[in-house]
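Trainee: I have a model open and would like to go through it with you. Could we begin with charged pairs and then move on to other topics?

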Amino acid sequence: MSVAAPDAPVTTGVMTTPSRLANEVDNRDAYVSFGLAYLLGHGAAAVSQGDNPILGLPGWLPITLLGIGLATGITQATVAALRAQRGATGPDILTGKLLGAAWIAAFAALFLAITGLTSALGMPELQSILWPAGSGLVVGLLYLAEGSARRNLLHYSLGVWLALTSTAALFLGTPGLYWVLAVAGGGAYALAAVLERRRLIRYAGRPQR
């Protein structure tokens, strides 16, 4: 008399449960916030500066719009990273903390570099072009680091684009610099926000190892 073994559960090899995304960073909110900062902040500077400005806007408005958008984007990115660390292992938690600290260190270094350079040259007016270009470069390089650490090709590609376009825009002076940052930078963030949703859907459909 033989006893039949119970049938093994059938698996599809693909896990699409919400837990699949538990430790993955969702950058959509941060992308939207940064994109609006570029479009509104740099866009306001583009239309209000130069020899023949399109609109007469107060000088404080573009930098205020940019600052609010960047602060919101950094907050959104931090919240998304902390949410993704829930249940993560020790090495992943340490990586997240180091990447978060890199943002503070990078912008502190940028502040010292721009302040010191403009002071040494006696040209404080250079800050109006060095800050927008320098911020784009720093954010782009941080995205390169985060994309590499998290194996996120979209994040990495966005970092490459931001770093290259922000520095190349310096050749145009003002207001061309601001137009490039508003259109190329803001447009890249808008596209990344759309592609991020598709990336998360594909990520959720991959088999877990």
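Trainee: Where do R199 and E196 lie?

Mentor: Both R199 and E196 are in helix 6, three residues apart, which is about one turn of the helix; helices here are DSSP runs of H or I with at least four residues, strands are runs of E with at least two, and both are numbered from the N terminus. Their side chains meet in a salt bridge at 2.8 Å, N to O, where the term requires a side-chain nitrogen of Lys or Arg within 4 Å of a carboxyl oxygen of Asp or Glu.

Trainee: And are those two buried or exposed?

Mentor: R199 is buried, and E196 is buried as well, with buried meaning under 20% relative accessible area, exposed over 50%, and partly exposed in between, for a 1.4 Å probe and protein chains only. Keep in mind that this is a predicted model, in which local features need pLDDT of at least 70 and side-chain atom pairs count only at pLDDT 80 or more, while totals for chains, interfaces and linings use all residues. Residues are numbered from 1 along each chain as its sequence is written, and side-chain values use heavy atoms, with hydrogens and water left out.

Trainee: How many salt bridges does the structure hold?

Mentor: It holds three. One of them joins R150 and E146 at 3.9 Å, N to O, and because these residues are four apart in helix 4, about one helical turn separates them. R150 is partly exposed, with a relative accessible area of 26%, whereas E146 is buried at 8%. Another salt bridge pairs R28 with D26, whose closest N and O atoms are 2.6 Å apart; R28 counts as partly exposed at 30% relative accessibility, and D26 is partly exposed at 27%.

Trainee: Switching to aromatics, how many pairs does the rule count?

Mentor: The count comes to nine aromatic pairs, where rings of Phe, Tyr and Trp (its six-membered ring) pair if their centres lie within 6.5 Å, and planes under 30 degrees apart are stacked, over 60 edge-to-face and the rest tilted. For W103 and Y143 the centres are 6.1 Å apart and the planes stand at 65°, so this pair is edge-to-face. W103 belongs to helix 3 (residues 90-121) and Y143 to helix 4, so the pair ties together parts that are 40 residues apart in sequence.

Trainee: Which residue has a positive phi although it is not a glycine?

Mentor: That is R151, with a phi of about 55°, in the loop between helix 4 (127-150) and helix 5. R151 is exposed, with a relative accessible area of 74%.

Trainee: And which residues does the cis peptide bond join?

Mentor: It joins T174 and P175, with omega at about 5°, and P175 sits in the loop between helix 5 (153-168) and helix 6 (176-204).

Trainee: Last one, how many helices and strands are there in the protein?

Mentor: There are six helices and zero strands.
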